Amino acid sequence: MLRFILGLVGAVFSVVLLISFFSNISTFLSSPPEHTAEEEFHKHPKHLTLASDGPMGKFDRKQLQRGFQVYKEVCAACHGLSLVAFRDLEALGYNEAEVKAIAEQWATEVPTTNPETGEPATRKAIPADRFPAPYANEIAARAANNNALPPDLSLMTKARHDGAAYVYSLLTGYQKQQPAELLEKFPAAKTPQGLYYNPYFPNLNLAMPPPITSDGQVTYAPGNPAPTVDQMAKDVSAFLVWTAEPKLEKRHATGLAVTVFLLFATILGYLAYRNIWANEKRKVRVTGVLDPENQAKTARARRKAGVKG
């Protein structure tokens, strides 16, 4: 009786699932979801080639220094690098004195506590400090940015699909006006007041105004490429690849060494097999009814029993 009841409950449950499944399919076919402006007008990031790309890639130190300069003069006012310390800049080619000077001259001081009064205070940064956040807290950051929270850039190229290409495309992809086709097909998708249209941003509109607006916005040292909008966007994208993965070159070198070792071990193992085991493998020992000893015993037993054949 119990089995019958359980079977009946299972059958009813299965019927309900089937009804729900076919009902959903019918609804989908009769009233398919409408296309959105984001689906039709969002663009895939532009192609970007950096020296650090590929399994043999290495950072271009000069480009990283230019990218840091762009970050310092353009991005640092709103975006932090909470996972990067000033002393890490030595990996970009700066010496100890230069790193110390950069830390001391950083626009945002490091939060601390006054040892005499216990009140909140600030101090000049030292090389051991991480880059201080540009705002005291999230509330202050939102209040200064139309309720938008500027993200930390330490891992930005890891956190976004297509990494550096996304950052580069976003920085160079702002458009003053939305396409007429977009407004014609999706009148409700007009960019709201206080937002900026960028087809490389997932929902097409973002609160960050164009950070790099003109050629020469940042002055590069002599011997570097001209600081065009495109070049500055590439440089800061390369710098953010480094902040997200500062050990990239070491990882590439380790991977190459491991690959060479495994290739050598494979060849050595194959040669050892050919030299030691190949001949042993070819020695076939006959067993069972085909064993000569067994065949002789069988023949003797047949003769003794008077069986012919």
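Just after helix α11, glycine 306 adopts a positive phi of about 75°; helices (H or I, at least four residues) and strands (E, at least two) are DSSP runs, numbered from the N terminus. Helix α11 itself comprises 14 residues (292–305), and at 1.5 Å a residue it should span 20 Å, which agrees with the 20 Å between its end C-alpha atoms. The expected span is 1.5 Å times one less than the number of residues in the helix.

The model is predicted: local features need pLDDT of at least 70 and side-chain atom pairs count only at pLDDT 80 or more, while totals for chains, interfaces and linings use all residues. Residues are numbered from 1 along each chain as its sequence is written, and side-chain values use heavy atoms, with hydrogens and water left out.

Positive phi values also occur in residues other than glycine: near 55° in asparagine 146 and near 70° in asparagine 147. Asparagine 146 lies in the loop between α5 (138–144) and α6 (156–159), and asparagine 147 is placed in the loop between α5 and α6. Asparagine 146 is exposed, with a relative accessible area of 55%, and asparagine 147 counts as exposed at 56%. Buried denotes under 20% relative accessible area, exposed over 50%, and partly exposed in between (1.4 Å probe, protein chains only).

Overall, the protein contains 11 helices and four strands. Buried residues make up 29% of its 309 residues. The radius of gyration, taken over C-alpha atoms, is 35 Å, whereas a compact globule of 309 residues would have a value near 19 Å; the globule rule is 2.2 Å times the number of residues to the power 0.38.
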